[in-house]
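Here is a short briefing on one protein model. Look at the structure first, then read the points below.

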Amino acid sequence: MPPAEVNGKPHPEALEMAVPDQYGEFRKLADFRGRNLIVYFYPMDDTPGCTVEAKEFRDSFEQFEELGCVIVGVSTDSVARHRAFAEKHAFPFILLSDEGGRLADAFGVLKGSHAARNTFVLDRDLRMRTTFRDVTPKGHAAQVLNFVRTLVESHRMLGG
């Protein structure tokens with residue numbers, strides 16, 4: 001397993017992995033350079049905790065967008081399962097299907113055949129800004145949103 005970070009950035013392998021989203025379109029995290037990026041790993045679609053967490057990200061989606069953020073949910077579920085989960089709950093963000101667990105492994109969060117519930121916040125240069133480990137689903141999106149607000153405000157104060 002490669003380290004989750006190298007010099008404050010996610011392992012380069014993690015940024016360049018092409019993983020299908022809920023529509024089968026292959027995406028790389030490196031494609032989101034220039035925007036703040038929230039990558040949240042979760043164990044399984046349509047389970048109680050995962051649904052609560054995803055709905056809270058959905059309900060805060062516009063606020064994240066106003067802060068220049070992209071939200072990407074990742075689990076080891078299939079593309080079809082992701083599509084059904086996203087459609088059932090009207091999720092406006094990307095869900096990546098990491099069926100082999102390679103992306104979760106590159107971030108150091110693969111536990112058996114599932115991703116552990118962890119969230120990574122990357123800045124516009126794809127530098128790791130913080131990691132939320134062993135997340136409690138309820139209230140987590142608000143916690144991430146507060147962190148991102150602070151990150152964006154400090155960037156503005158520094159003239160960015």
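Contact here means heavy atoms within 4.5 Å. By that rule, and leaving aside neighbours within four places in sequence, glutamine 22 is in contact with Val79, His82, Arg83, Ala86, Phe93, Ile94 and Leu95. This is a predicted model: local features need pLDDT of at least 70, side-chain atom pairs count only at pLDDT 80 or more, and totals for chains, interfaces and linings use all residues. Residues are numbered from 1 along each chain as its sequence is written, and side-chain values use heavy atoms, with hydrogens and water left out.

**Glutamine 22**

- Glutamine 22 sits in the loop between strand E3 (19-20) and strand E4 (26-27). Helices (H or I, at least four residues) and strands (E, at least two) are DSSP runs, numbered from the N terminus.
- Its relative accessible area is 2%, so glutamine 22 is buried. Buried means under 20% relative accessible area, exposed over 50%, and partly exposed in between (1.4 Å probe, protein chains only).
- The side chain of glutamine 22 has a polar atom 3.1 Å from the backbone oxygen of phenylalanine 93.
- The glutamine 22 side chain also reaches the backbone nitrogen of leucine 95, at 2.8 Å.

**Helix H4**

- Helix H4 spans residues 79-89, and its buried residues are Val79, His82, Phe85, Ala86 and His89.
- Seen down the axis of H4, these buried residues fall within an arc of 125°, so they line one face of the helix. The arc is that of the directions from the helix axis to the C-beta atoms.
- Glu87 and Lys88 are exposed on the other side of H4.
- The cover over the buried residues of H4 includes E3, helix H2 (48-59), strand E6 (69-75) and strand E7 (94-97).
- Alanine 90 follows H4 and has a positive phi, near 55°.

**Leucine 95**

- Leucine 95 belongs to strand E7.
- Leucine 95 counts as buried because its relative accessibility is 0%.
- Leaving aside neighbours within four places in sequence, leucine 95 is in contact with Pro20, Asp21, Gln22, Tyr40, Tyr42, Gly73, His82, Phe85 and Ala86.
- Leucine 95 and valine 19 are 76 residues apart along the chain, and their C-alpha atoms are separated by 9.8 Å.

**Cysteines**

- How many disulfides does the structure hold? The structure holds 0 disulfides, a disulfide being a pair of cysteine sulfur atoms within 2.5 Å.
- Cysteine 50 is buried, at 1% relative accessible area.
- Cysteine 69 is buried, with a relative accessibility of 2%.

Conventions. Polar contact = N/O pair within 3.5 Å; in protein donor to acceptor, adjacent residues only side chain to side chain.
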